[in-house]
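Visitor: I have a structure to look at and would like to go through it by question and answer. Please show it first.

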Amino acid sequence: MIHQVLFIIFGGICVAGALNLLLQKHPISSALSLIVVMGSLAALYLLLGAQFVAAIQVIVYAGAIMVLFVFVIMLLNAGKEEHTKGSRIAMWFGVPSVAALLGMVLFILLQRGKVDYQIELGAFARPTREVAILLFRDYLLPFEVTSVLILVAIMGAVVLARKEQ
Amino acid sequence: MTLTPELKDALLFVAIIVVKILVITHVLLGACAYTVWLERKLIGRMQNRWGPTRVGWFGLLQPLADALKFIVKEDLLPPGVNRPLFLLAPLLAVALGLTSLAVIPFGETVTIAGHTEALQISGMTDPNGGGNAPIFDPNVGLLIILGVTSIGVYAIALSGWSSNSKYSLLGSLRASAQMISYELALGLSLVGVVMLGSSLSLREIVNGQAAPAAATGWHQIGFLHWNFFSGFQFVAFFIYLTAAFAETNRIPFDLPEAETELVAGYHTEYSAMKFAMFFIAEYANMFTAASIATLLFLGGWHSPFEGLSFIPSLPLPAIVAAFVPTFWFVLKIAFFIFFYIWVRGTLPRFRYDQLMGFGWKILLPASIANIIVTSAIVAWRAAP
C-alpha cells in the first residue's frame, strides 16, 4: 500500500516537473525543473528496488550533467525567452503528428490492456553484482561500443568548437 | 476502532523510524553547535587567546547565545535577488547536509524491551530476532552519499547566482568548480575500499574490517584489519581526506569564502537564520565526511583492541554494551573534527591555480594509481 502511495506521489512530482519545464519562461527555472524530474525518476527506480540505477541516476544525471546545464545558463546569463508567433510548419505539421503519436500510444496501451504479466513493485531488487555481470560480461561489446560512440561525440564537439587558424 | 496486527506493525515501524530520525538529527545539530564552540576555543588556544569565555563556564553556553542571536536578528531580503531561488538555496543546503545521515551506520543493534532495532536510520532488522539478527541496509549506501554530495553543488551555485551580487557569484563559481574537480578524486579514492569490501553497502564494508573470530597470533589485533592498514589504503585515505577538505570548503581550500577577497563568498547576502543554515550545512558535511573516513578506512564502530582476549571486557549492562561500538565510532569522528580544526590553525590558504593544479595533476593520477595497485592486491589475494 505504501508503495502505491509513494508511486503516485513521485509520479505526480515527475509529471509536474516536466510540465513546469515546458511552461517556465526563465531557463534556470526550466533546468531546475528538469533536475526535479531526474530526482523523482530516481525515486521511481528505488520503488522498483533498482537501488544502483537510482543512485547512478542521481549522480550522473541530476549531479553531473545538470550541473553543466545550470552552469552554462548562469555564465551566459541567459535572459527570459521571447515568444514568437509560432511557425506555420509547427502549426500544420506538428500538432497532427503529436495527435497521431498520442493516439498510437493510447491504442497500443488499450489493445494490450489485459496483459498476463505485470511489473511488480520491487521487482528489480538485485545486488549491484548482477548489474556488473550484465555490463561487463554478457553485454560487454555493446557497452564498450557505446563508450567509443561517446568519444566520437566529444571529438566532434572539439572539432566544431575549434577556431580555424 | 481496533488495530489489526499488520497495521499495528506498520504504525510501530513508522513511529520507530520517526524517533530515530528525530534523535539522530538533534544529536547532529547539537554536535554542530558545539563543534563551533570547540573550533573557537581550539583556534583561540592555538593563537594564544582564550576564545569564548563570557557565556557560561568556559563559554559553554556560547552556542545557545549564538543560536538565539541568529533567530532574533532581522531577516534581510536584499533588493534585486531572485526571490524563490534565494530562499530555496539555504533550505537545499541544510536538507542535503542532513540527508546523508540516513544511510550512515553507527553501531550494530540495540534491544530495548525485547524490541531489536538497528543503529542506522535506514537499517532494518527482525524486531524479535534478538541481538544477533542480520541487519539489512541500502546496498548502495556509499553511492547515495556521493549522490547527495553531488546535488549539494546546486545549493551553493544557486545561492551565488540568485543573490545578484558579484562577490556571491564569484564565490559560488569557485565553490562549484572546486567541488566538481575534487569529487572526481574523492570518488576514485573510494574505489579501492569498495573492491576490498566487494560491496557498496557501508555496513558490509565495515563488517569486512572486523577481526575474524578464528584469528590467531597478531591477526587478533583489531586495528590491523582496518582498510587503512590491511588493505594498504593509506594513499587513498590521504587523497580522500584532502578531497574532503575541499568538498567541505575548509581551510586550506576555503577559497569560496575567502574573507580577504570575497567578503564571505556565496553567502555574503544572507543574514540571520538563512546564514545559519549554510553554517549548519557546512558542519553537517564535515560530520558526513568524517563518518565516511571512519567507516571506510578506520573500521567504523569496531574497537581498535577488538579480538585481544587478554583485555577483560567490562561488566556493563546490555543496554550500555550495545552503545560501546557507537562510542568508538564517535571517538573516531571526534578525532577527524579535531583534525579539521588543527589544520585550520596550521595551514594558510592555497592560491586558486594551485588548488586546481593539485586536484587535477596530483590527486586524480594518484587515486587512479591506487586503484591499479589495489586491484593487483585483490587479484593476488584471490589467486589460489
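Visitor: How many Å separate the centres of domain 1 of chain A and domain 2 of chain A?

Guide: This is a predicted model, in which local features need pLDDT of at least 70, side-chain atom pairs count only at pLDDT 80 or more, and totals for chains, interfaces and linings use all residues. Residues are numbered from 1 along each chain as its sequence is written, while chains are lettered from A and ligands numbered from 1 in the order in which they are written. Chain A is divided into domain 1 (1-80) and domain 2 (128-165), with bounds from an automatic or database domain assignment. Taken over C-alpha atoms, the distance between the two centres is 24 Å.

Visitor: How many helices and strands does the secondary structure of chain A come to?

Guide: Helices (H or I, at least four residues) and strands (E, at least two) are DSSP runs, numbered from the N terminus. From that end on, the elements of chain A run α-α-α-α-α-α. The count for chain A is therefore six helices and zero strands.

Visitor: How do the directions of helix 2 of chain A and helix 3 of chain A relate: roughly parallel or roughly antiparallel?

Guide: The axes of helix 2 (residues 27-47) and helix 3 (residues 51-76) of chain A come within 8 Å and cross at roughly 175°. Axes are lines fitted to C-alpha atoms, for helices over the stretch in contact, and angles run from 0 to 180 degrees between N-to-C directions. Angles under 35 degrees count as roughly parallel, over 145 as roughly antiparallel, 65 to 115 as roughly perpendicular and the rest as oblique. The crossing angle therefore makes helix 2 of chain A and helix 3 of chain A roughly antiparallel.

Visitor: Into how many nonpolar, polar and charged residues does the contact of helix 2 with helix 3 of chain A divide?

Guide: Two residues are in contact if their C-beta atoms, placed from the backbone, lie within 7 Å. Among the residues that meet are L34(A) and M38(A) in helix 2 and V58(A) and F69(A) in helix 3 of chain A. Ala, Val, Leu, Ile, Met, Phe, Trp, Tyr, Cys and Pro count as nonpolar, Asp, Glu, Lys and Arg as charged, and the others, Gly among them, as polar. The division is 19 nonpolar, three polar and no charged.

Visitor: Which helix of chain B gives the most to the side that touches chain A?

Guide: The contact takes 15 residues from chain B and 13 residues from chain A. The chain B side divides into 12 nonpolar, three polar and no charged. With 10 residues, the element that gives the most to this side is helix 4.

Visitor: Is N164(B) buried, exposed or partly exposed?

Guide: N164(B) is in the loop between helix 4 (141-162) and helix 5 (166-189) of chain B, and has a positive phi of about 60° although it is not a glycine. A residue is buried if 20 or more other C-beta atoms lie within 10 Å of its own, exposed if 12 or fewer, and partly exposed in between, with C-beta atoms placed from the backbone. N164(B) has 15 other C-beta atoms within 10 Å, so it is partly exposed.

Visitor: What is the radius of gyration of chain B?

Guide: This value is taken over C-alpha atoms, and the globule rule is 2.2 Å times the number of residues to the power 0.38. With 384 residues, a compact globule would come near 21 Å, and chain B agrees with that, at 22 Å.
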